[in-house]
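Hi,

Here's the structure I promised to pass along. Have a look at it first, and then read on for my notes.

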Amino acid sequence: MADDHVYVFDTTLRDGEQAPGATMNADEKLRIARQLERLGVDIIEAGFAANSQYEVEAINRITREVRTPIITSLARCVAGDIDAAFQAVKDAARPRIHVFLSTSDIHLMHQMRRNRDEIMEMAVKGVQRAKQYVEDVEFSPMDATRTQPEYLYELLEACIQAGATTVNIPDTVGYAIPEEFERLIRGVFTNIPSIGKARVSVHCHNDLGLSTANSLAAVRAGARQVEVCVNGIGERAGNASLEEIVMSLRTRRDLFGIDTQIDTTQITRTSRLVSDITGMMVQPNKAIVGSNAFRHESGIHQDAVLKDRSTFEIMDPVDVGVISQLHLGKTSGRAGFRSALKDLGYDLREEDFSQAWDSFKNVVNTQKVIEDQDVEAIIEAIVEERHREKTESPFYTMEQVQVIAGEPGVPTASVRLRGPDGELHAFSAIGNGPVDAIYKAISGVVNEPNQLEEFSVKSITESTEAMGEVTIRI
């Protein structure tokens with residue numbers, strides 16, 4: 001199967017959601033799916049339908065509103081899973097069912113407790129059942145990199161003959177090294193007679209920090225679909241990072257000779273949205289989307305970059321949407337702000353626009369200096385905060401909070417909440433720190449025990465008047 005570009009298969013909504021703490025509700029999944037469509041991904045793996053009827057409905061909602069990419073659901077090679085997957089994607093403009101089955105001896109012995117012949121039969125029947133529902137079927141032999149190669153080739157050949165249009169080679173436990181993974185992918189092309197009837201895909205995990213390197217090695221060997229997550233989130237150490245794969249192929253097209261169809265100017269915005277919804281912060285030194293990715297501290301570097309950015313930057317920050325061209329400030333008008341919102345993909349109703357505009361003016365009037373690159377982050381923060389206020393209907397509203405902290409005293413918090421009955425409720429509590437004390441006090445009112453797991457603050461803008469973003473996980 002000849003392809004003119006590398007297909008980007010995004011599994012943020014499925015494998016990315018398996019990262020502890022990254023669970024998303026249906027509204028959040030839909031918002032990310034819409035942004036992935038703007039980004040230009042080819043395939044969205046919207047979830048694992050067999051998890052619940054709620055998951056089926058969430059995926060089905062995406063299929064009705066996101067029409068450009070292929071939409072797929074993961075399913076084990078089990079009849080019930082495959083049937084649920086079809087119910088989830090049946091309304092998609094371009095539906096796919098993605099079936100998988102463990103194939104390594106270690107999985108067969110300890111997890112599946114079946115022999116190779118039984119697994120072969122299950123795989124073929126799974127593909128055939130999916131093929132009865134949709135034309136586009138993907139098959140993944142889980143733990144492929146620890147599967148005996150000759151058995152892997154035989155299994156994939158049988159699945160292609162059964163109707164698989166994509167065969168995916170997952171490095172499920174992040175075990176492979178780039179040289180051997182490239183050799184395995186070349187073996188797939190050499191040893192499977194029907195390989196020309198299917199697209200070869202790869203799905204790499206980052207347990208050894210090699211998911212991007214392995215994915216790129218596979219592209220060099222001929223793979224034309226790469227399965228990724230935004231910000232590299234996912235099970236355990238995460239999946240191959242969408243932004244790293246895309247920008248590696250774009251920046252080194254001289255080496256790979258092929259590119260993706262991603263709109264790279266949407267990368268930073270996509271990264272921020274996923275981070276905001278999942279609460280998983282991006283480390284500052286993260287490639288492409290980290291806050292330090294295009295910053296230069298060294299005087300020698302700064303001097304060179306001021307003369308010519310290419311001296312120390314192999315990518316133009318504008319190409320990944322890092323440095324905004326939005327010149328907005330205290331003297332800007334509503335028309336300029338509306339244009340900026342449109343450029344960022346926001347289409348607000350007049351009431352929401354007016355409230356966002358008032359919030360923006362409040363920010364720019366209280367900060368002495370706002371750099372151009374901060375404007376986009378400020379606008380996104382304002383709009384996302386408005387979205388949360390509208391979609392989250394609190395049963396209790398915080399009316400007042402007072403905290404006493406410092407050595408040698410004990411952190412103490414007093415809160416006053418207005419309940420669903422309109423009555424005011426007050427409570428005080430001590431904690432391990434001021435934030436912990438606040439949540440213990442809230443617990444005293446709502447009678448819902450909680451444990452503070454994480455509290456972090458990051459600056460959206462700079463200077464002493466900086467706008468900040470707070471993440472709390474309880």
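First things first: in which helix does Glu 182 lie? The answer is α7, the helix that covers residues 178–191. Before you go further, keep in mind that this is a predicted model.

Staying with Glu 182, is that residue buried or exposed? Its relative accessibility is 14%, so Glu 182 counts as buried, the cut-off being under 20%. Its side chain has a polar partner: the side chain of Arg 220, at 2.9 Å. If you skip the neighbours within four places in sequence, Glu 182 is in contact with Ala 217, Arg 220 and Ala 221.

Next, a spot around Ser 104. You'll find Ser 104 in the loop between β4 (95–102) and α4 (105–112). Ser 104 has a relative accessible area of 0%, so this residue is buried. Again leaving out neighbours within four places in sequence, Ser 104 is in contact with Met 142, Asp 143, Arg 146 and Thr 147. Two of those contacts, Arg 146 and Asp 143, form a salt bridge with each other, their closest N and O atoms being 3.0 Å apart. What about cover for the two partners? Asp 143 counts as buried because its relative accessibility is 0%, whereas Arg 146 is partly exposed at 32%.

That brings me to salt bridges in general. How many salt bridges does a search of the whole structure find? It finds 30. Here are a few to click on:

- Arg 236 pairs with Asp 207, with the closest N and O atoms 2.7 Å apart. This pair links distant parts of the chain, 29 residues apart: Arg 236 sits in the loop between β8 (225–228) and α9 (242–251), and Asp 207 in the loop between β7 (199–204) and α8 (211–221). Both partners count as partly exposed, Arg 236 at 45% relative accessibility and Asp 207 at 32%.
- Arg 253 forms a salt bridge with Asp 259, and here the closest N and O atoms are 3.7 Å apart. Arg 253 is partly exposed at 45% relative accessibility, while Asp 259 is buried at 8%.

On to a helix, α11, which runs over residues 267–278. How far does α11 reach from its first C-alpha to its last? The span is 17 Å for 12 residues, close to the 16 Å expected at 1.5 Å a residue. This helix is mostly covered, with 10 of its 12 residues buried. Among the buried ones are Ile 267, Arg 269, Leu 273, Val 274 and Ile 277, and also Thr 268 and Ser 271.

Which residues make the nonpolar surface patch of about 450 Å²? They are Phe 455, Val 457, Val 470, Ile 472 and Ile 474. The elements that give two or more residues to this patch are β12 (454–459) and β13 (468–473). Phe 455 has its place in strand β12. With a relative accessible area of 42%, Phe 455 is partly exposed.

Cheers

Terms used: Residues are numbered from 1 along each chain as its sequence is written. This is a predicted model: local features need pLDDT of at least 70, side-chain atom pairs count only at pLDDT 80 or more; totals for chains, interfaces and linings use all residues. Side-chain values use heavy atoms; hydrogens and water are left out. Helices (H or I, at least four residues) and strands (E, at least two) are DSSP runs, numbered from the N terminus. Buried means under 20% relative accessible area, exposed over 50%, partly exposed in between (1.4 Å probe, protein chains only). A polar contact is a pair of N or O atoms within 3.5 Å; within protein, one must be able to donate a hydrogen and the other to accept it, and residues adjacent in sequence count only if both atoms are side-chain atoms. Contact means heavy atoms within 4.5 Å. The expected span of a helix is 1.5 Å times one less than its number of residues. A salt bridge is a side-chain nitrogen of Lys or Arg within 4 Å of a carboxyl oxygen of Asp or Glu. Patches are made of residues with over 30% relative accessible area and no salt bridge: like charges are joined within 9 Å, nonpolar side chains (Val, Leu, Ile, Met, Phe, Trp, Tyr) within 5 Å. Accessible areas come from the Shrake-Rupley method with a 1.4 Å probe; for residues, only the protein chains shown count as cover.
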